[in-house]
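Hi,

Here is the structure I said I would pass on. Have a look at it first, and my notes come after.

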Amino acid sequence: MRHFLKYSTAAAALAATLGATPAFADNVVLWVNAPLASAPDAPIYAELKAFEAETGHTVEIQAVPHMEMERNLFVAMSGGAGPDVMALDIAWVAGLADAGLLADVTDKSDPIADQYQPGPLSAGRFKQRQYAMPLYTNNVALYVNNKMLAEAGIDAAPKTWDEFQAAAIAMTDKDAGTFGLTFGGSRVGAFQLYPFIWQSGAEIIADDGTVGVDSPEAIEAVQFISGLYTEHQAMPASVLTANSWDEVNAPFIQERAGMLISGDWAIGALNNGNPDLDYSIVPLPAGKEAATVIGGYNLAINANSGVSDASWELVEWLTGPRSVELMAQYNRLSAQAAAATDEAIAKLPEELQPFMMQASAGHARPVVAQWSQIHSDVFGTVWDSALRGEPIDEVMTQAATQIRQILGQ
Amino acid sequence: MNARAPRNQQLRRTWSSVFETGTGARIYPYLMVLPAIIIVVGVVVYPLVSGVMSAFYDVTLRTLNSGDMAFVGLRNFERVFADPSFGIASFNTLVWVVLNVVVQLSLGLGLALLLHRAIPGIGFFRSGILVPWVVPSVVAVLTWRWMYDPSVGIVNELLVRWGIIDDYHPWLGDTATSLYAVTVESIWKGTPFVMLLLLAALQLVPRSILEAASMDGASGWRKLWHVILPQIRVSFAIAAVLTFILTVNNFNAIWLMTEGGPLNSSEILFTLAYKYGFQRYDLGMASAVATMLFVGLVIATTLYLKLIQAKEGE
């Protein structure tokens, strides 16, 4: 009996100590893509300190490289582990949500939905439910080397397909070893190709599920871009093997290629690689219509998280109004509606303005659960085949059949 | 002596005395190895069995989370066989393994024989030749990627200067050359290890046998074939089996150089299994390929070791 009393007193004392800490103080594990936490003084650390001070929760942050994030999330979460809150590329939301790995936050997000830009917000929706909130948004634009353009005798950056092709050919000089355009191979090249498919007026997979990659317009778009390599030799041979952005950027940094199609993430790499590089960023040239591909990262909550309320508080904090300021420190674009006003755009650094100017022409990649497979297997193969001179119409017909098979149509 | 014996018998019995006689003594050794067995079962046997089982279940991102994985019999294997990439990958695996094993063993043996001599400064060459083996594989692969670069790579530069090719060639980007380009890197990386194993074996060949052979007038080749090789046969077999296994499983070289591309031209079964698993998230198909690889490896290794043993008996 004496023992019992002794233990229960101890238990009561322990409970009292625990109770003295702030109510509902939880520890939230957060995985972010590596660039956001690249150094100990990265802005996100200060932001998390502010969050911890305000809410009493603690946040454990882990940086994961972009190329490994999807696989690591998959492996960790399907084993019932993984982070509470994760940053994920907007293209992965559908796949993870379909597998039941992401928490449905529709009820919590609906009241604050009008804080966000509609395009990026919709990228977190799958089958009419909200699974992720936009952390930052981006799209791809055209980078042009001013010196090479001028030396080729062209006075303005291309605005149409014809001007684009003419500029690429004019900057190509086999003897000097210069090319018009650097481009990626396989998956990376496919990502750069999507805007041109939309610009031709074609759809990749329409909202109603119709597969449009075998339409004459889509075939023409792939023909147009791949022709710059196969017909005009206006791309360096690195296009055959470049499967990372570093390799795509290299010829542009070395001034061996005059143009580059990339998002705002290239700015840092270019400035680091060659501080003397004189380049401008302009909206992508337009085909039948203007189009670019929307990218960016969302924050989502693990369906199995034991601290889902604290997790939501963190998501709301990082994607909320404060994100305008936070993302500006990274030279990235917040997905808050307040970040897209004329006034806010004017305040942006000059090199980011072209991206915001074409934001309204942004297309999200098809929100289907099997998108990662379609992107790597089907479009990676389409682009590699096109570069190796295979007949584009056959390649695209085969791709359409494969996509329909994958989608179970 | 007599005075001490009774005192020994009076030693206090402790709890561990139960292991000194009878059943206790019989289970004692098993208890000692139990922790090791538990660990081996946990990290080797369980994953292996679970991997093989997955090959017969519908394991995808979706079913893994919900937990209702259905038994599908051989359907995963059917789907793998129906995929045209599987045929390409199987053929590539064969080419990849044969080239790697044959070239690494012959080069390794050649180098070991060269470096076996006792000449001044041989230590420098012996350690120098180990450099490829010591370099971390990721560093080696990325370096080779740059060396093969179609615009600035040193491989192209040298070949053009020596007049072997007229123009820069995208070695890793051409479907006809990508597999062979990666093979060259893999041979460069793997040969020093083979050499090291064989060199160690050569050091153990008794000098007297070689001297006897020389006195009997055996030529260099005959000495190699009839004296040296039989002496280092066991090490040679071990080197062959290890090279075989390491080559089949050499995922790093291919994945970091080409990701199995372009257009599956350098795809081996291992990279294909990885793609099924972590690009399609279809672990059922990935396990089917991995199971076939595993069975193939076990059969080939057993056959080879049996052959060597049979020769030993002769």
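Below is what I found, going from the overall layout down to single residues.

Some housekeeping: this is a predicted model, in which local features need pLDDT of at least 70 and side-chain atom pairs count only at pLDDT 80 or more, while totals for chains, interfaces and linings use all residues. Residues are numbered from 1 along each chain as its sequence is written, with chains lettered from A and ligands numbered from 1 in the order in which they are written.

**Chain A overall**

Chain A has 18 helices and 12 strands; these are DSSP runs, H or I of at least four residues for helices and E of at least two for strands, numbered from the N terminus. The radius of gyration of chain A is 24 Å, close to the 22 Å that the globule rule gives for 409 residues, so chain A is as compact as a globular protein of that length. (The radius is taken over C-alpha atoms, and the rule is 2.2 Å times the number of residues to the power 0.38.) The C-alpha trace spans about 95 × 50 × 35 Å along its principal axes.

Of the 409 residues of chain A, 49% count as buried. Buried here is 20 or more other C-beta atoms within 10 Å of the residue's own, exposed is 12 or fewer, and partly exposed is in between, with C-beta atoms placed from the backbone. Among the chain A contacts with a separation of 6 or more, 74% come from residues 24 or more positions apart; a contact is two C-beta atoms, placed from the backbone, within 7 Å.

**Domains**

The bounds come from an automatic or database domain assignment. Chain A gets domain 1 (24–138 + 294–363) and domain 2 (141–293 + 366–406), with C-alpha centres 28 Å apart. Between them, 21 residues of domain 1 are in contact with 18 residues of domain 2. On the domain 1 side, the elements giving two or more residues are α4, β11 (292–301), α16 (353–357) and β12 (362–363) of chain A. That side divides into 10 nonpolar, 7 polar and 4 charged residues. For the classes, Ala, Val, Leu, Ile, Met, Phe, Trp, Tyr, Cys and Pro count as nonpolar, Asp, Glu, Lys and Arg as charged, and the others, Gly among them, as polar.

Chain B is split into domain 1 (5–43) and domain 2 (75–313), and their C-alpha centres lie 47 Å apart.

**Where the chains meet**

The contact takes 25 residues from chain A and 20 residues from chain B. On the chain A side, α3 (66–78), α4 (93–98) and α17 (371–387) each give two or more residues, and α17(A) has the largest share with 7 residues. The chain A side divides into 6 nonpolar, 13 polar and 6 charged residues.

The largest nonpolar core has 182 residues, and A:Leu88, A:Val93, A:Val222, A:Val382, B:Leu198 and B:Val289 touch the most other members. Helix α10 (residues 178–204) of chain B gives the most to this core, with 9 residues. A core is a set of buried Ala, Val, Leu, Ile, Met, Phe, Trp, Tyr and Cys residues joined through C-beta atoms within 7 Å. Leaving out residues up to four places away in sequence, A:Val222 touches A:Leu193, A:Val382, A:Ala386, A:Ile392 and A:Met396.

In α14 (residues 322–329) of chain A, A:Ser323, A:Leu326 and A:Met327 are buried. Viewed down the axis of α14(A), the buried residues fall within an arc of 90°, so they line one face of the helix; the arc is that of the directions from the helix axis to the C-beta atoms. They pack against α2 (43–55), β6 (132–139) and α13 (308–319) of chain A. On the other side of α14(A), A:Glu325 and A:Gln329 are exposed. Just after this helix, A:Asn331 takes a positive phi of about 60°.

**Other backbone spots to check**

- A:Lys127 has phi near 50°, positive in a residue other than glycine. A:Lys127 sits in the loop between β4 (125–126) and β5 (129–130) of chain A and counts as exposed, with 10 C-beta neighbours inside 10 Å.
- A:Glu255 is not a glycine either, yet has a positive phi of about 55°. A:Glu255 lies in the loop between α11 (245–253) and β9 (257–262) of chain A and is partly exposed, with 16 other C-beta atoms within 10 Å.

Cheers
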